[in-house]
Amino acid sequence: MAVSSAGRSALRTMLGRWAYSFSGFNQLGLMHDDCLRETDEVKEAVRRLPDHVYDERMFRISRALYLSMKKDILPKEEWTTYDNDVKYLRPYLEGVIQENSEKSLWNSK
């Protein structure tokens, strides 16, 4: 039995929502991009964020650390939802990765 692309897309969305909720970072008010492993590329992308976006990120991370220290979570109405999570770091990260690949290409010649 073949699954249509719409069915695969719906299944992928359903699994994505489940994984998002299961991860637990949303209960601390964090977004997906707040939890990325801090590689050199991620550090550079964070450095390039506009001030207000950087301040929002630092607030979320500080609040999450405080809640974690208290072994507490936010009230459910303050949890980050799958639909409200914004990939705010993605454009900057893609730019850094593109620049690094161009640099390595230039250096290899």
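Author: Start with a definition. Axes are lines fitted to C-alpha atoms, for helices over the stretch in contact, and angles run from 0 to 180 degrees between N-to-C directions. Note that this is a predicted model.

Reader: What do the axes of helix 2 and helix 4 do?

Author: They come within 8 Å of each other and cross at roughly 125°.

Reader: Why are helix 2 and helix 4 called oblique?

Author: Roughly perpendicular covers 65 to 115 degrees, and roughly antiparallel needs over 145. The crossing is at roughly 125°. Helix 2 and helix 4 are therefore oblique to each other. The handedness of their crossing is right-handed.

Reader: Which residues make the contact between helix 2 and helix 4?

Author: Helix 2 brings Glu41, Val42, Glu44 and Ala45. Helix 4 brings Tyr92, Leu93, Val96, Ile97 and Asn100. By class, six of the contact residues are nonpolar, one is polar and two are charged.

Reader: What makes the set with Met31 and Val42 a nonpolar core?

Author: Such a core takes buried residues of listed types, joined through side-chain atoms within 4.5 Å. Ten residues form the largest one here: Met31, Val42, Ala45, Val46, Leu49, Val53, Tyr88, Leu89, Leu93 and Val96. The largest share, three residues, comes from helix 2.

Reader: What is Val96 in contact with, leaving aside neighbours within four places in sequence?

Author: Glu41, Glu44, Ala45 and Arg48. Apart from the core that holds Val96 lies another, of seven residues, including Phe25, Ala64, Leu67 and Leu74.

Note on methods: Residues numbered from 1 in each chain as written. Predicted model: local features only at pLDDT ≥ 70, side-chain atom pairs only at ≥ 80, totals over all residues. Heavy atoms only, no water. Buried < 20%, exposed > 50% of the residue type's maximum accessible area, 1.4 Å probe, protein only. Helix = DSSP H or I, 4+ residues; strand = E, 2+ residues; numbered from the N terminus. Contact = heavy atoms within 4.5 Å. Parallel < 35°, antiparallel > 145°, perpendicular 65-115°, else oblique. Left-handed = near helix turned anticlockwise from the far one by under 90°. Nonpolar A, V, L, I, M, F, W, Y, C, P; charged D, E, K, R; others polar.
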